[in-house]
Structure formats: C-alpha cells, structure tokens
Amino acid sequence: MVSTIIFIIFGFIIFTLFSLSLLNPIPRKVGVRNVRRRIGNTALVVLGSMVGTALICGALVMSDSLDATFLKIVKNRVGEVDANAQVFANQNYFEKFLTQSEVDEISNKLQQTGQVDGFLPAIYLQVSPQKIRMNIDGSTIDNFFGVDFYGIDFEQLKNFGSSSIQVNNFKNQNGIVISKEYSEKMDLRVGDEVRVILGNKPLILKVEYISDEKGVMGGEKIFADIYYVAQNLNFNSPKYNYFFISHVGGVIPDDYDAINFSNILSSIFNEFTTQDRVMIVDEIKQEALDGYGLKIFVTMFIALSMFGILAGILLIINLYMMLASERKFEMGILRAIALTKRKLALSFVIEGAIYSLISSFVGVIVGVGIGYLITYFLQSSFQGILKSTNSLDLEIVFDFDLESLVIAFCVGSIITILTTLFVSLRISNFSIVSAIRDLSEEKAKKINLKWILGTLGIFLLTINFLTLFIFTFFIENFKDSFFQGLNEQEVQRYTEVFQGYSFYLGLTGALIFGAILLGRITWLIFKKDMLSFYYTLSLITLIVVTVMMPEISYLTKLLKYEEAVGLIFISGVNLVVASAIITSFNLVAITKLIKIIFSPASKLIPVFMMGLRYPSFNRSRTGFTLLMFSLVIFLISFISIEKASVDSLADNEVSKNLGGYELVIVPNTITRELFEGIEDLIIDIEKTENVIGVEKVINMNIEFPNIKYKDLENKPYFGNPNQAPIFKPEDNFSTKINVVSREYINLLDLNFLEFKETFQNESEVWDALFGNKDYVVLGTAFNSQGYGPMPNFKVGDKIKISDLTNTKIVEKEVIGILEPNTVQRGFTVLEYLIIPENTVIEDFGLDTVYESSDAQILVDINNEVSEEVKKTLKEKLSNYNIVAFFDVNDLSESFLSFIKSLYRLTQGFLAFSLIVGASGLAIIITRSVNERKQQIGMLRSLGFQKQMILLMFFIESTFIATIAIILGVAMGVIGTVTIFNSVGEENPNLSIIVPWGEIIFIAILIYLFSMLFALLPSIKASKLSPVEATNYVE
Amino acid sequence: MKQKQENNDFLIEAKNVVKIFNKGMPNEVVALSDINLQIRKGEALTIMGPSGSGKTTLLNCISGIDDATRGEIWIARQNLQKMSDNKKTKYRSQKMGFIFQSFNLIPVLNALENVELPLLLNGYKPKEARKKAKLMLDKVGLSERYYHKPNELSGGQKQRVTIARALVHSPEVIWADEPTGNLDRKTAFEIFDLMVKLNHELGVTLVVVTHDQEIAEKTDRIIYMESGKIKNFDKI
Ligand SMILES: Nc1ncnc2c1ncn2[C@@H]1O[C@H](COP(=O)(O)OP(=O)(O)OP(=O)(O)O)[C@@H](O)[C@H]1O
Ligand SMILES: [Mg+2]
C-alpha cells in the first residue's frame, strides 16, 4: 500500500519533469549543461545525496534481513502449521468447546476450499509440569513457566500435512509426546514422569516419545492422547477448543496469500461463533513472529534509524541549498537575459533530478552493501550473546526484497527532487538584482496584510488543535462511526493517543506560527525585524515544554501506549531542531562569546575572524549542518544512556529481589517428606565452604473467597490460554503467599509505594507485620503490569484469604504496598502477599502449608570462587530431590540479551550514521572550498599563509562540530532523561545513569573522526594559489 | 610632476618571462612571451594594451601570486621562484598591496573589516587597526559606509574600499589592475591622484593597468602590450 503510493508519487514526478523538460528546451539545456560542466562538482553532489538514500536502503535491507531471520526461526518452529483457530468464551469455558459433529462440519468446509491439506482438532491447555526424576544439570527457571499442552488424536496427526510422525499406541494411557526443544529445556528423557494439574486434578504423565519434528510438534509442547485428556476433564465425548490448520502450499506472514487464507478460515469458523463463544483464527506464523517480540525489534530498529535517515535528508537539503547559493549569480543573469522564474526553477529542478536519479541508484547499491556489512559483522557477536544465554538460536540471514530497493530508490529520489524544487522556487523568487548582488532577500519586507491573515489562520488552527476543540467535536458528533466495533478500553486508548498527539503537535505548531505571526506584525507596525528573537523565545518554550513532559497529563497518558514511539521520536527531533535553530539564530552572539573567551594571539586574529565569520554568515547552512550532526549525536547519547540505565536497572532488580543471593535452588516439594527434607538440605548447604548465607522462601497457593475473576477490573479474556492460565470467571481469584523471615526482609532493599499512616517509617511497617498476625504487606505484583488481572487493594483494606480447599478463611489488613517491579524477569521473590512464616503456619496449619506450597532456597556465595562453589553444590545436591538450580546472574543476562542485541544492531547502524555526520561535514566543507576559491585566493594574496588557511577551515569545522556535539549530547541527555521520567513513572527502580565517560569518549571520537574527514578539503583549500583571486567565475 | 628623485635601484626585474596556460593542451594559450621588464623603486608605471593582451597575467606573474612558466623574476634582489611560499606570502602581506580587476572584497566581512585585514595580518592590535582602517576609509570618502557588507556597496564604493585596503598598511608596492574602472571620471581622478600622491610622498612603487590614457599620463612610464609582448616603452 505505502509502496504503491510512493511509486505513484515517484512516477508522477518523473513524468511531469520529463514532459516539462521536453516542452522547455532552454531550461533543459541549462540544467543538463550544469550537470556536465564540472564533473568533480557533480560527483560531490551525487555523493552527498547518495548518503541519504543509502541509509534508507540500508535500514530497509536490515529490516528485511531481520524479517528473513525471524521468519526462518518461525519456520523452524511452526513448520507447516499455517494457521490455528481457537475457542474463546467468557463463562463456563469447558462447556463451550466444539463438539465432534461441529468439528466434522468444519472439516468438510475446509476440504471444499481446496486450500487446506491438514486439519487437526485438539484440546489445548496451559500447564506447568513438575518433573519427578531429580536432576541438577540443564534445569532452568522455565520449570515454573507454563507449557502448551495438547490433547490430540495421534491417528489424525499422521494425516496432517506432510508430517511423518509415527506414534504407535502408547504403552500407558498417560503417555505423552514432548517436543525435543522442551525435552532439552527440562532435561526430560523417555520414561521420565511429570506432574501436571489438569482441570483440578493432579495427573502423572509419562514421556514415551521425544519428537524433533517441526510443524505441529515444533516449539515447546506436550502432546497427550485426546481421549485420556477428555476423560480427565470429565468430558463425556471428545470436545475441541483448538485447531491446527495447514495450507496446501504454506503461507508467508504478511503476504497476500496469508491474509487471503486467514480470511477464508475466519469466514468458516465465524459460523460457529455464538452469543457466548467466539472463534478466533490466527495466522500462526504471524503470531509466532509477534510472540517472540521480534517485530518490535524491527520496529525499534527502524525507529532509531529514522534519526540517521533524517540526518541524511538534512545533508541533501544542505547540499542543494549550497548549490543554489553558488548558482545565485548565474541564475540572476539568466533571469536578466532570458528565463522566466518558472523556467529558471525548472532548469534547476532538472539538474537536481538528474543528480537525484544517479545518486539514488548509487545509494541503493551502497545501502545494500551497508546492510550486508552490518549483518556480516553482527553475525558473530550477536550469536555469541544469544548462544551464551540459551535463548533464540539465531543465525542472521542477509536478505532483501526488491520492493525495498525500489522504495529506497523512489523515496531517495523524491526527497532529493522535492528539495531541489523547494530550493529552486526560493531562489527563482529572488529579484534579479539581489541574485546578482548576492543579497539575501529581506523576507520581512514582503509582508502585507494577506501574509498576516494567512499566518493568523494557521496559528488559530494550531491553537485549535491545542485546545483539542476539533477533536472533541469529532468525538462528540461522530463517536459511533469513529469508534465502531471498539470496546471501551480501546476507545479510551485511541482518545488518549489522539489527545496526546494533538496537544504536542498543536503546541509545536502554535509556538512556531505564533513567532512568525508576531514577527510579521512587529515588522508591519514597528518596522523592526524581531523574527529571530521571537523564534528563539518560542523554541526555548518548546524545549521547556518538552522537558516538562512528565508533568503534562496529556502526554503521560499517551506514553503508556505503544503509539508513543512517535511522540518519543518527534520530541527528540523537536529538541534537536529547536536547539539547532536557536543556535543558528544566535551565531553572532556565540562567536562574540568565543572571541572573548579565547582571545587569540594577535597574529591569529584574522584567522579566527574568518574562520568564525563564515558559519555565522551562512546561517541556514550552518543550522542544517548542526542539525544533521547533532541528530546523530543525540541518538548516540540516547542509546548510551538507555544501555547504561537498563544495565544498572537489572543489577538493582537482582539485588532488590534477592538481597544479594546469587544462587536459587528449587527443591521438589510434591510430597510432605520432601518438604520436610528441605531443612536437611539447608543445613548441608550451609556447611559448604564459601557459602555465606542461605535463606528459604516458601510460596503458598491461596485464594480470595470473596473475589471472583469476573469481578476484577481489566478482566482477561477468560479461557484464552495464551493470555492467562485457564480460569473461569466464577472461580475465586487465587494467588500466593510469600512466606518470609525477618532476616531476609532486612537484607532486601524494598521500597513501599504506600503504607499505613500510623507508621513512621518503613521498618516500623515490617516490625508491625512480624508482630501482628492480622497484617499483610502486598508485594510487587499488585501494581505491576504483566501479572494478569489483580484486585485493586488499598492500604487499610481488610482482605479475606483462604487455602485452595476453602477450609480455613482468615482476614488480614493491608498495612503496606510495595513499589512495583520494572522488568519482568521471571523471578521475583516478594511478588504477592507477604506474611511471616509463623503467622502462616498458625493461620493454616502445617499440613495445609505443605500441601499447597513450593519452596526456593536462596544461596549467597563468595563471588570470587563462584564457579567452584557451584560445582561442589551441584555434587551435593545430587543426593536430594531438586527441580532446578540456577545462577541469578545468568538469568538476568538472558532477560537482557534481547535488549542487548538490539543495542548491538543499532550501534552497528549508528556507526554508519556517524559516517553521514562526518562525511556530511566533509562534503559541505569541500563545497565551501570550491565556492570560496576566489576568496581564498584573495586571502592568500593579502598575506594569509597556507597554514593559516588550513587553520581557518579547522576553526570553522571545529566550531560547527563542537556546537553540534554539545547540542547533541545536551539534548540527548535532556531528552532521554525526560523520556525516562515520563515512561518510567511506574518503574521507580529505574534510575537514569548517564555514562558521562562513555559519552565524552564517543564525542571526542566523533570530533576526531570529523576532523579527519574535514582535513582533506581543508588541505586542498590551503594549496590554492593566490592567483585564484583573479578567477572570478568558474 | 617630475620633482621625484630618480632611483636606479630596481625593485622588480623580469627576465625572459614566459607564461603559457594549459601547456601542451589543445587550448594552450601563450599569455606572455619573453617579457623583460625592470621597475625602479618608487616608480609609477602604467601597463596598457588591448583586452586579452596579457596585462593581468603580467601583473600576476611579476607580483608573485602566479608562477611564470619560464624566466626569472627578481623582487628586491631576491629570486621570486626560489622563495618559499611562506616567505612570499609574508612579503606580500608586508610590502604589497593588491587591487584586482573585480571581486576584490571578502563578502563575509564589512568594509571596515576588509580594510583592517592587512593590518591585523601585520600584527597590529585590533584597536589600532580599527583606527587606522577608519582613517583610510575616510580618506577614500567612505566614512558613511564602515559597516556595510560588500554586496551593499556600489561598484565604485567597492573599488574605493579595495584601494583603501591596498594602501592601509603602507606597502612598498601597489599592484592595481584597472583600479578606477568602475568609477566616474571625477572620482577616478581623485582616487588615482591619491595613489600618485602616496607614490610621490612615500616612495611607494605603483604598477597600474588601465585603459585610460589620461590616467596613464600621470605616471612616470607607460608600457604597451600586445599579444603577450611588450610592444614599446612610451617613456623611460
Ligand atoms: N587561467 C587561464 N587559463 C587559460 N587562459 C588564460 C587564463 N588567464 C588568462 N588567459 C588567457 O591569457 C590571455 C591574457 O589574459 P589577461 O587576463 O592577462 O588579459 P588582459 O590583458 O588583462 O585583458 P583585459 O584588459 O581584458 O583584462 C587571454 O587570451 C586569456 O584568454
Ligand atoms: Mg585584465
């Protein structure tokens, strides 16, 4: 869709230009002649504009490669399963399954489409199996995670697609097939037994077969006989809630075929949607892609590359503005002797179009090269990270769509041609006289009432946006059609997103147009040009407002949603643009300041004077260069800060949640004997050398007899096995008690979100908890996202809890609520109801506690010899029944690996945007040298030594680069801190770390790099002969 | 006009100077062929000749801002070709003033700053330089135009700023390529008289290219050029 539009625009522009050039021979000749006149010049323009296209193309190729990479993973996992369908229901979930006759009907309909070559109905549940055979190695925290559990008819499986799985009758009724992936993760072998809770019953299942088939069996899955499952769920006859479907040829996510296929499926399954049951078809490959968060990866990558691409676009604009200013004199003469404004503009646009087509072509090739290089260099490091953390087995595939190349080519060309159009219209509007005399057109002079009214109109419009009047009007009048088919939450979401954007964009517009309007009025009435001043004021206001983002509710509301990516991008760009414009409007003041600060040796005064004069003389050029450069640096600061902060966040979280314990041992507690045996285990561990401390944490399952799932706010999709465990709306809400000791609490650095007013400080709260059996503290889960539905308790609430069998009910008062968790790391100790051990035993009795609890043992070891200690511990533990044993640090590594690899990728691409910045500066300086040849000759004949010319350019480029670096770093830090503060409101553990050392190091590196690039043209300039002074026009 | 004491000291001596542009290429131009010329210290010399005859080229070569293809050029007893670029440049900044045929001023500097530049290059303190530059601009009648950028000045005004800049640091020799080309006759004479006055009073050597016979008459000597050769010496 987007690509079609781009292609149409491109075609239209080229067609128009082509016909215009055919009709206007003189502009065509002038344009073409200019391209051929100076090859060096042409090469430089092409080189510069190429960079933009190359970045666009590089980003697209990278995203194609990532897509291909992820698709490969997905294919490996889901194989020939192309889609699935599921039953969703809000009540009595198990009763809403499809019956055999309904399934037969669906099967027939699918056959008739001729597109389906596999259909496998199943019962699908999520279970959390516990392994019974004890082992140590290879076990991970994933033991606690749910796994997909399917009841299928193995006879039917043989007919699914081209699957060749041969499962003969199980020896035992409770036999299961598990996927290889799951078996490796859990270290399960044939013959092992696992315990799962099915319905409400614990069941022992026995592994009889391990399959490394992809397709139905791909991923982490367990398969059992459907009749056995149905029987244990108390079904009289088989019923189904899940369907695997295979397309005859297989489909690719996002492809036309895929959409078409899922539409066909939807129409078939929709017939079985009833009032209290919904059938939902998913393109499973798409799901898999989204499910791994891989798409977000690509989106983030593209979003970050936007800064680099924007820098490339600025380079293009800058180049053409230089070209135009160089041509000003010539164009004035052409205007004087022959051409009309339009024809003049046309000649320039034709010239620009030729450059842009050549450069886009070259840019696409270079972009592919960039993409290839990045994938090549990332391959090793990327894989290293992922391998070490036992996460995705990822091999980066280099791949690109032809479409991406065409898009990059078209977008690159369109941007360049539009830039020349814009520039040439500006130039051709200059009066002949001012062009010939190189006067800058006084804009303010043209102001009349028409202009003022126009600006006033735009100003009011943006103000209007700001007050959200328009939006409110739309909502009120067209609410139904606007939000058709959306639920309340979605309506609220879109409203808040829209309001946030209207506010911010409206404000930006109002400030800018307000400045223009004021400038025009001041000119009209007082004949004073105050535009720079007003701009400066407006833009400072814009920066202040952006920085105050966390205080502005419109924006913080928007920031809760994914849609905020745009806001983050826009506000970042706004900060950089505003500061660059403010700087370029006040360059004269800045140069004066620099002169005062540095007061150069008298010999160097003329060099300083010249070096600093050019940037402030070419204000817009300097502004664009600054902008281009500082955008790149902004991004670098952003990433450095984010990286440092997330790293430290992870460390904080680990120490906060575990109080410095490094190892976690999960003993098997399915029997009472095993449970009681933990004490021996603990003593044994304590005796081990280099073990500093051991702590036992028990988690007991309980329910809230008065709270049903259906009463909770933000209800889940009941019965959606992907989103939450299967529970019924009428079930009691259930959660856990974290049974803790006072010593353990003391070790942790826990913060309260709020606590009862009668307590002075946090330790009093804990004292009270351990002193009074009627108190409870709520853990981190109660305010965090991602824990599914949670009751909304407040301090002072009296809550009733009971054991799972509802035999014992106790009442507790909430005296404190902990601050929420930031990162979902899969392992937190104090997430739920925090109650001391003796209180729990007193309340429920030891028997109940043992029956409904699991336990973890935390071990603090001497870090210096951690590997040895781990080894000794493992040996010791083989005598006990252990479910899992892991190092928390490894765990946090693996949770961060995704983010870290994103950084790698972005940093790789960044290196290239850095080249844009540096080479952009070099190209601009090269062009400056060409443009100023005569002046340099003049300076040389006046007595500037070669070294002085070199120094002059050095001062000029240092001036621009330093300001850009300062702006980029300043705005990067300010912007990132702002964004973190706004987004991180719910993440109090997130402290922003600005790695100044790293940032300064990178800044110096960038500076040196740009100077290196700028050196060549500067040397060229210094070698110019003084006789150039007499070569007036090239 | 002839009270000036004769000086047999040659400031500049050109021996068999040849300048060929684009040598060996189809568009080869022999701009100067076998030029021999001596200029005395304190002399005022005019070079005349039709357009394209090589006047500007001659000026560039003997002033040292361009390199001759062949031949020798001596300035103040030093062989120009053997001087290092730095030495040449230093010499230019201290002892020479240039007025080119057009586009003389640095567009990013205003009139005053343009005139200050040679002074600053010679190590004057900024305040002193400013004072002197103002005086010089006053002398050429531009006291109202100190802070104008070149593109805000008329052709004649620009030319006057250029002259002010060429004279401000009291050089030993001034090279002027049609310095009064853009001026009305009255101003042209005024300005030229100023230059001749300096020549007389301070002994500044003056080498001028002009098409104006009347102006040429005011100098000590006129040479005529034609197709890269010195045709005849008018007066010696
Ligand atoms: N850089 C150059 N490359 C090639 N040819 C040149 C160059 N500069 C000058 N010429 C040629 O050398 C010859 C002499 O040029 P010069 O500028 O010295 O003439 P001029 O006597 O100063 O003329 P005018 O009175 O018109 O200024 C001309 O034929 C010109 O075309
Ligand atoms: Mg000439």
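**Note on the salt bridges and the A–B interface**

1. Across the interface of chain A and chain B, two salt bridges are found. The model is predicted. In one of these bridges, B:Asp85 pairs with A:Arg940, and the closest N and O atoms are 2.8 Å apart.

2. On the side of chain A that touches chain B, α21 (605–617), α29 (933–942) and α30 (946–983) each supply at least two residues. By class, this side of chain A has 16 nonpolar, nine polar and six charged residues.

3. As to the extent of the interface, 31 residues from chain A and 32 residues from chain B take part in the contact. About 3,000 Å² is buried between chain A and chain B, with carbon and sulfur atoms giving 63% of that area.

4. Over all chains, a search of the whole structure finds 23 salt bridges. Within chain A, A:Lys812 bridges to A:Asp843, with 2.6 Å between the closest N and O atoms. Because A:Lys812 belongs to strand β19 (residues 809–818) and A:Asp843 to helix α26 (residues 837–851), this pair ties together parts of chain A that are 31 residues apart in sequence. A:Lys812 has a relative accessible area of 2% and is therefore buried; A:Asp843, at 3% relative accessibility, is likewise counted as buried.

5. In chain B, the side chains of B:Lys88 and B:Asp67 form a salt bridge with an N to O distance of 3.6 Å. The pair links distant parts of the chain, 21 residues apart: B:Lys88 sits in helix α2 (residues 85–95), and B:Asp67 in the loop between α1 (55–63) and β4 (70–75). B:Lys88 counts as buried, its relative accessibility being 13%.

6. A further pair in chain B consists of B:Lys218 and B:Asp193, whose closest N and O atoms are 2.9 Å apart in a salt bridge. Since B:Lys218 is in the loop between α7 (213–217) and β9 (221–226), and B:Asp193 in helix α6 (residues 185–202), the pair ties together parts of chain B that are 25 residues apart in sequence. B:Lys218 is partly exposed, with a relative accessible area of 21%, a value that lies above the 20% limit for buried residues. B:Asp193 also counts as partly exposed, at 35% relative accessibility.

7. Finally, A:Glu105, A:Lys109 and A:Glu271 are joined into one network by salt bridges that share partners.

Terms used: Residues are numbered from 1 along each chain as its sequence is written. Chains are lettered from A and ligands numbered from 1 in the order in which they are written. This is a predicted model: local features need pLDDT of at least 70, side-chain atom pairs count only at pLDDT 80 or more; totals for chains, interfaces and linings use all residues. Side-chain values use heavy atoms; hydrogens and water are left out. Contact means heavy atoms within 4.5 Å. Buried area is the accessible area (1.4 Å probe) that two parts lose on being put together, summed over both. A salt bridge is a side-chain nitrogen of Lys or Arg within 4 Å of a carboxyl oxygen of Asp or Glu. Helices (H or I, at least four residues) and strands (E, at least two) are DSSP runs, numbered from the N terminus. Ala, Val, Leu, Ile, Met, Phe, Trp, Tyr, Cys and Pro count as nonpolar, Asp, Glu, Lys and Arg as charged, and the others, Gly among them, as polar. Buried means under 20% relative accessible area, exposed over 50%, partly exposed in between (1.4 Å probe, protein chains only).
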